[in-house]
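Subject: Structure handover

Hello,

Here is the structure for your work. My notes follow below it.

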Amino acid sequence: MKLIRFGDKGNEKPGIIDAAGTIRDVSSIVSDYGPETLSPELLDKLASADLGSLPAAPEGVRIGSPVSRIGHFIAIGLNYADHAAETGAAIPSEPIVFSKAPNSLCGPNDDVLMPRGSQKLDWEVELAIVIGKRADYVEETDALDYVLGYALCNDVSEREYQAERGGQWMKGKSAPTFGPLGPWIATRDEIADPQNLDMFLDVNGERCQTGSTKTMIFGVAHIVSYLSQFMVLEPGDVITTGTPPGVGLGMKPPRFLKAGDTMHLGVAGLGEQKQTVVAR
């Protein structure tokens, strides 16, 4: 299934995309997709629903983040060997873990707001994991059982804040709208192999990132198991798993976003996003 939320910001409804590509309103079945409702049991209930009897979403409706809110918004840094090389960083021996502020989450096509004074705004197309059940000390062989599904994420980053202002990376990763997610969550059965997904990102129509999850250093199962040794993962938590090469920081000379620039990105099976950068 493809789980999607639609409607004006703050008034989104939960939906499912049917076989014909129509968004069906499932608010008669579940109030919303969030930490309190996402579960394997909910997926069973949705799978048995007669989608044809449910109302269709209005044409052209805004698409929101596919989860209403999240507890953890975790990210993995330098998780593609080719991306580490372009930034001049060593291949990490363990996953590099940092957080994004949960309220950086936004819809896949919402404007990206440039922080005041920002000079080094950057893009990162990524595969995101959405957790479906509580994960605490999970073995890698069992880790995918705890995954509800996958989504497309743009890990928007302000590189000066991230690397030049001291402290943790979180400062450059957490501004409002720095976490476009969706358009949908593809449930685990929709993605045969999360380690074989093509991905791309264009800036102003120019291809900047072309990659595949095949080149991830640490795969999905390892990441979920690894994180569960340090924290408890809860339903609705989002883990964004790193980016392939082609980010602005790695270009020679570096290239960063400015107001009016557009981003267009996608991951196979997870849809596409389009954002415009707007100054705050």
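In which strand is Arg-24 found? Arg-24 sits in strand 3, residues 23-25. Strands (E, at least two residues) and helices (H or I, at least four) are DSSP runs, numbered from the N terminus.

Before the rest, the ground rules. This is a predicted model, where local features need pLDDT of at least 70, side-chain atom pairs count only at pLDDT 80 or more, and totals for chains, interfaces and linings use all residues. Residues are numbered from 1 along each chain as its sequence is written, and side-chain values use heavy atoms, with hydrogens and water left out.

Arg-24

Arg-24 is buried, at 17% relative accessible area. Buried means under 20%, exposed over 50%, and partly exposed in between (1.4 Å probe, protein chains only). A polar atom of the Arg-24 side chain lies 2.8 Å from the backbone oxygen of Leu-54. Arg-24 also touches Pro-14, Gly-15, Ile-16, Asp-18, Leu-51, Gly-52, Pro-55 and Ala-56, among others, leaving out residues up to four places away in sequence. Contact here means heavy atoms within 4.5 Å.

An open sheet has 9 strands in the order 3-2-1-13-10-9-16-4-5, with mixed pairing. Two strands pair if DSSP finds at least two bridges between them. Strand 3 and strand 5 (96-99) are at the edges, each with a single partner, so one side of each has no neighbour in the sheet. Neighbouring strands of this sheet are turned by 30° against each other on average, direction ignored. Axes are lines fitted to C-alpha atoms, for helices over the stretch in contact; angles run from 0 to 180 degrees between N-to-C directions.

Strand 4 (73-77) pairs with strand 5 in the antiparallel sense, over 4 bridges. Ile-76 stands opposite Val-97 in strand 5. Helix 4 (220-227) packs on this sheet and touches strand 4, strand 5, strand 9 (125-131), strand 10 (147-154) and strand 16 (238-240). The direction of helix 4 makes about 55° with that of strand 9.

Another open sheet has 5 strands, in the order 7-18-17-14-15, also with mixed pairing. Its edge strands are strand 7 (112-114) and strand 15 (206-212), and each pairs on one side only. Neighbouring strands of this sheet are turned by 20° against each other on average, direction ignored. Strand 14 (198-203) and strand 17 (262-267) run antiparallel, joined by 5 bridges. Met-199 stands opposite Val-267 in strand 17.

Helix 1

Which residues of helix 1 are buried? In helix 1 (40-47) they are Leu-42, Leu-43 and Leu-46. These residues cover an arc of only 100° around the axis, which puts them on the same side of helix 1. The arc is that of the directions from the helix axis to the C-beta atoms. On the other side, Glu-41, Asp-44 and Ala-47 are exposed. The buried residues pack against strand 1 (2-6), strand 2 (13-17), strand 10 and strand 13 (185-187).

Cores

A nonpolar core is a set of buried Ala, Val, Leu, Ile, Met, Phe, Trp, Tyr and Cys residues joined through side-chain atoms within 4.5 Å. The largest has 49 residues; Ile-129, Val-224 and Ile-239 touch the most other members. Helix 4 gives the most to this core, with 5 residues. Beyond its neighbours within four places in sequence, Val-224 contacts Ile-129, Ile-131, Ala-143, Val-147, Leu-233 and Ile-239. A second, separate core of 24 residues includes Tyr-33, Leu-42, Leu-46 and Leu-148.

Regards

How values were computed:
Polar contact = N/O pair within 3.5 Å; in protein donor to acceptor, adjacent residues only side chain to side chain.
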